[in-house]
Amino acid sequence: MNRQNSDGEQEKAVVYVIDDDRSVREAVEDLLSSVALEARVFGSVQEFLDQDVADAPACMVLDVRMPGQSGMDFLSHMQELGLHMPTIMITGHGDIAMGVKAMKDGAIEFLTKPFRDQDLLDAIHHGIETDRARRALEAQASELQKRWARLSQGERDVARLVAQGLLNKQIAGELGLSEITVKVRRGHAMRKLEVRTLAELVRVADRIEAATRSHQKPASL
């Protein structure tokens with residue numbers, strides 16, 4: 001599911017281009033402009049880090065070798081910096097070992113200059129769609145967390161035990177409650193979580209439990 005604006009259109013994507021070669025930056029910027037993609041260009045990693053990142057689907061085109069921090073080094077630290085955008089590595093001096101390392105560090109493509117315009121565009125479009133999907137999952141996960149926060153502790157306890165496959169009578173015994181109370185709390189939990197079936201309740205509770213165990217946000221509904 002792609003996020004849309006109030007007019008029902010997809011969010012406009014941004015492509016970040018980091019390359020110390022001005023001619024390359026201008027060429028990529030012109031190419032992206034020709035297909036109605038917004039490009040933001042930088043001559044170094046530091047220039048990029050000094051600017052705010054747009055809250056929008058994004059993709060990065062990153063040169064391998066640059067003065068200051070290299071593209072390869074930056075790629076390996078992007079996750080630590082909270083930068084999750086798909087990244088395409090470009091270089092005029094690449095080899096197989098470098099390409100393998102880039103892919104292991106998370107690059108979605110490794111292109112050697114001079115590359116075909118279409119190859120770069122294909123990689124960029126793939127990266128943008130990948131980022132759209134990631135953002136959609138994060139939005140769903142955030143919404144799920146908000147719903148879960150509406151539950152009382154008692155409702156959460158019941159929902160967790162439902163997810164474990166326990167019957168109302170078993171949950172009542174486990175929590176020291178009456179079956180009527182368990183049914184009421186289960187109903188409240190389903191309403192607050194905006195689920196209509198027991199199966200949906202189990203899925204939501206399972207995702208919350210998995211997220212709690214791994215200290216990560218839950219997956220989508």
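Hi everyone. A quick definition before we start: a residue counts as buried under 20% relative accessible area, exposed over 50%, and partly exposed in between. Keep that in mind, and keep in mind too that we are looking at a predicted model.

My topic today is salt bridges. How many does a search of the whole structure find? The search turns up 16 salt bridges, and I'd like to walk you through a few of them.

Let's begin with Arg134 and Glu138. Their side chains meet in a salt bridge, at 2.9 Å from N to O. Both residues sit in helix α5, which covers residues 117-149, and they are 4 residues apart there, so about one helical turn separates them. Is Arg134 buried or partly exposed? Its relative accessibility is 23%, so Arg134 counts as partly exposed. Glu138, at 35%, is partly exposed as well.

Next, please find Lys101 and Asp105. Here the side chains form a salt bridge with an N to O distance of 2.6 Å. Lys101 has a relative accessible area of 42%, which makes this residue partly exposed. Asp105 comes in at 27% and is also partly exposed.

My last stop is Arg150, which pairs with Glu143 in a salt bridge; the closest N and O atoms are 3.9 Å apart. Arg150 is partly exposed at 40%, and Glu143 is partly exposed at 29%. Which residues are joined with these two into one network? They are Arg147 and Glu194: salt bridges with shared partners link Glu143, Arg147, Arg150 and Glu194 together.

Technical notes. Residues numbered from 1 in each chain as written. Predicted model: local features only at pLDDT ≥ 70, side-chain atom pairs only at ≥ 80, totals over all residues. Heavy atoms only, no water. Salt bridge = Lys/Arg side-chain N within 4 Å of Asp/Glu carboxyl O. Buried < 20%, exposed > 50% of the residue type's maximum accessible area, 1.4 Å probe, protein only. Helix = DSSP H or I, 4+ residues; strand = E, 2+ residues; numbered from the N terminus.
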